[in-house]
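Hi there,

Here is the structure I promised to pass on to you.

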Amino acid sequence: MNPEAARSTLPMELLADAPDEVLLRAGDAAALARKYYGPVYGLVRRLLRDPADARDAAQETFLRAVAHLKEFQPGRSFRNWLFAIAANHARDLLRRRRQLPLDPATGESLPELTLPDARLLREEDRERLLAAVDRLPFDLKVAVALHFQQELSYPEIGETLGISVNAVRIRLYRALGALRKELS
Amino acid sequence: MRHPDPLEVHDHAWGFRPSAHVSSCAECRRAAETAESERDALREALAGGSAEAPPETLFVRLAARKLRRGRAPAASPLSLAGMAAGILSLLALGFLLFPGGAVRDPRGAATQPLPDPLDRLIAEFKGPSAERRALAAAALPSFGAAAAERLRKEGLDPALAEAVPASGLEDAAIVDLLKSRRITIDLQNASLPEVLEVFERESGLRFVIDRKSIPEPGAERISFKVSDIVMDGALRLMLGPRWRSHVVRGGIVFVTGGDVPAVLGPARAPVRVLRDAPEAKALAAALGSADPKEREGAESSLRLLGFGAEAALWDSLDSDDPEVRSRAGKLLRRLCTPQPVARSFPVEEKLRGATVAGPGARLGAYLEVLARETGASFVLDPGRVGPSLEVGSPSRDALRATLRRAKLQAVFFDDVILVAREGEPILRREWNGPVWTAPDEARRLESLVEGLSSTDAGRQEEAFRGLLSAGLSAIEPLDEASRALEPAAAARCRAARRRILDQEGAWMADEPSGAELQPLAPEQRALLDRELSDSPAGLTLGKLLDHHGIPHRMAVKLDVPVHAFTRNLKAGSLLKVLTRPSGLDFYLDGGTVVVDTAARVRAAVPK
């Protein structure tokens, strides 16, 4: 039996649309991994930069999720729970490698920022913009990635990161300020 | 007109909180539009998940961990998702059993095809030799139920993979150990796994609960108290009234509700990091030497080669010499069985049978009494464990059980016991056979070690990174590889191992370093062998060395108080347990002890 050939006959369309609750009840870790691997990989790829590290971290996220599934609260978004595991793992990894940039302004106080008088973030500068996002402190970068890449709302980001909605708002605001400064 | 602060404009532009002022003020609206367009630019730059598909190894690893929830799965076996789950699980298992020749590491990069370890066993099982078939049959269950499908495909009985192996020589040794080692337990309201954990810790053996006959081992609460009786008796006393028993098979102590365990527990496979060691053939021939010392020496060298000797050992089964066949068979059986780690330290003997009366509920008081009554020496992990920690009601002479209740661990050395927090990554290097782990993880580690030993720089780098991400599970295979590979590859394995230990903040407790690697003059050795008695509690290491008149230089600040409970302890032992768990080390510069970071000591002390 060739597993590759057999795998191509999988009823993927059935799995892709199955609600998480159904997949969780069925104990189908593989289907959940197929459904969410892309978003989780996208998030950790942004947070860790290195594709190989991101692949490892994305896998580790699913393995941890399976190991700690008892802690998952029904009613909570499974996707956001995965994001929380992924973000924590990425932070631990960077900290262990001493690659986690220290953010001098870790408090949630309001930063000094003037109103934008010109559009500093331009679409044509995508590469520069992504490079600037990569250089953001971890706490700001994870908020930016969850909001703009994964399209989570402020309350969802708050739930995922375990912070208040106001803290999310200020982190995104500070991230924007940092990006403007970086790109100006 | 007073404009709102920038955050309000930002909130408006990003849809968080609309502002009436921003809507009506042309200047603010322009600013908001700019912020909005920036938001769009960010979204466009970052938007979208990744098209990256999950690597195959993820499914294999997930298949190994059955998805469990807090409550029982809903009974909907015919639902589409349920059917799909079944199909996926089977396919994941299929991938595990039929890897298609190439093994992929977690990055998805194809690596060198590895021979399936089951191939040889199946070939041997189909062969004409009864002796070989018996050995293969003994080894097959070590792959567990995961091998059943493969056996079926080969036209063999899948039950071979689930059969309970016949009791071997190692099992007899384990039974002897259970009948001779004594234990004291005082547990209230504990679950069966918790009680067995104490047995595991005290014996170094592996205990597995037969889930078929005891499906919910955590459900029942057990209060159990025995004092200084042999483990075998303690197990019977605990299990008998509950209609359960224990049986030793394949190097494992099974606790079962029936006469024999129905399953062997999760599938495990050894990590084969060495292949066809060149010296193995000559050593195997020496198994039949006329000189008994030479025979014993060859057997122990072959044991150290691990799977590097496997091919030579299988070949030796065809020898005309019954001595060679017998020893080779014994070594092969040993290779195919996970070996228990049950080394006992001299200091443990001192603790057996000691009576601790009324030492109080604090760690310091408990160890003080224990040290006085047994002569054993205890040192608390500096800065992490304090003497005032509650240990509850200490169990008589059951040090490990008492410490475990306070979430502490005892790390034994020849003449001292370090008391550290549970979970501190303190490892031991002593080799007692190949590492056993989940089959997919075993093959992944094999593949990574092989990549690191290859001559291809790209593969080396990939493997290096993979090993770093594997973390502490790669330590023992790397250690094994660094003993037998050619010098350049062995050096890479040592470097990867060192990097992992640094990355994980782990301490290899029985690995010599610093002063232990120095060629010491007699007076230097005497300095480290000096017995320190009457050490005042709470001094820093520097002050403690001052107190005992030991010249020293502290190149790093170590201000934490030292708590040692000892009548007499060698200066070298004290320095070792006080420095190394914290990433420090020491060496001798003339007659002066220098304490510095482990990395700087490594640089200062040539191998």
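**Ground rules**

This is a predicted model, so to speak, with local features needing pLDDT of at least 70, side-chain atom pairs counting only at pLDDT 80 or more, and totals for chains, interfaces and linings using all residues. Residues are numbered from 1 along each chain as its sequence is written, chains are lettered from A and ligands numbered from 1 in the order in which they are written, and side-chain values use heavy atoms, with hydrogens and water left out.

**Confidence**

The predictor gives the complex an ipTM of 0.77 and a pTM of 0.49. Chain B has an average pLDDT of 75, and 77% of its residues score at least 70; pLDDT is the predictor's confidence in each residue, from 0 to 100.

**Chain A**

Chain A has 10 helices and zero strands. Helices (H or I, at least four residues) and strands (E, at least two) are DSSP runs, numbered from the N terminus. Of the 184 residues in chain A, 53% are buried. Buried means under 20% relative accessible area, exposed over 50%, and partly exposed in between (1.4 Å probe, protein chains only). Among contacts in chain A between residues at least 6 apart in sequence, 64% join residues at least 24 apart.

A:Asn80 is buried, with a relative accessible area of 0%. Leaving out residues up to four places away in sequence, A:Asn80 touches A:Leu152, A:Glu156 and A:Thr160.

**Cores**

The largest nonpolar core has 62 residues, and the ones touching the most other members are A:Phe62, A:Phe78, A:Val144, A:Leu172, B:Trp14 and B:Leu42. Such a core is a set of buried Ala, Val, Leu, Ile, Met, Phe, Trp, Tyr and Cys residues joined through side-chain atoms within 4.5 Å. A second, separate core of 33 residues includes B:Val416, B:Ile426, B:Leu528 and B:Leu544.

**Two sheets in chain B**

One open sheet has four strands in the order E8-E9-E7-E15 (chain B), with mixed pairing. Two strands pair if DSSP finds at least two bridges between them. Strand E8 (408-412) and strand E15 (564-565) of chain B are the edge strands, each pairing on one side only. Strand E7 (residues 378-380) of chain B runs antiparallel to E15(B), and two bridges join them. There, B:Val379 stands opposite B:Ala564 in E15(B). Helix H18 (residues 363-374) of chain B packs on this sheet, and its direction makes about 160 degrees with that of E7(B). Axes are lines fitted to C-alpha atoms, for helices over the stretch in contact, and angles run from 0 to 180 degrees between N-to-C directions. Helix H26 (residues 571-579) of chain B packs on the sheet as well, at about 30 degrees to E7(B).

The other open sheet has three strands in the order E2-E5-E4 (chain B), again with mixed pairing. Strand E2 (207-209) and strand E4 (245-249) of chain B each have a single partner strand, so one side of each lacks a neighbour in the sheet. E4(B) and strand E5 (residues 252-256) of chain B pair in the antiparallel sense over five bridges, and B:Val248 stands opposite B:Val253 in E5(B).

Happy exploring!

Key:
Contact means heavy atoms within 4.5 Å.
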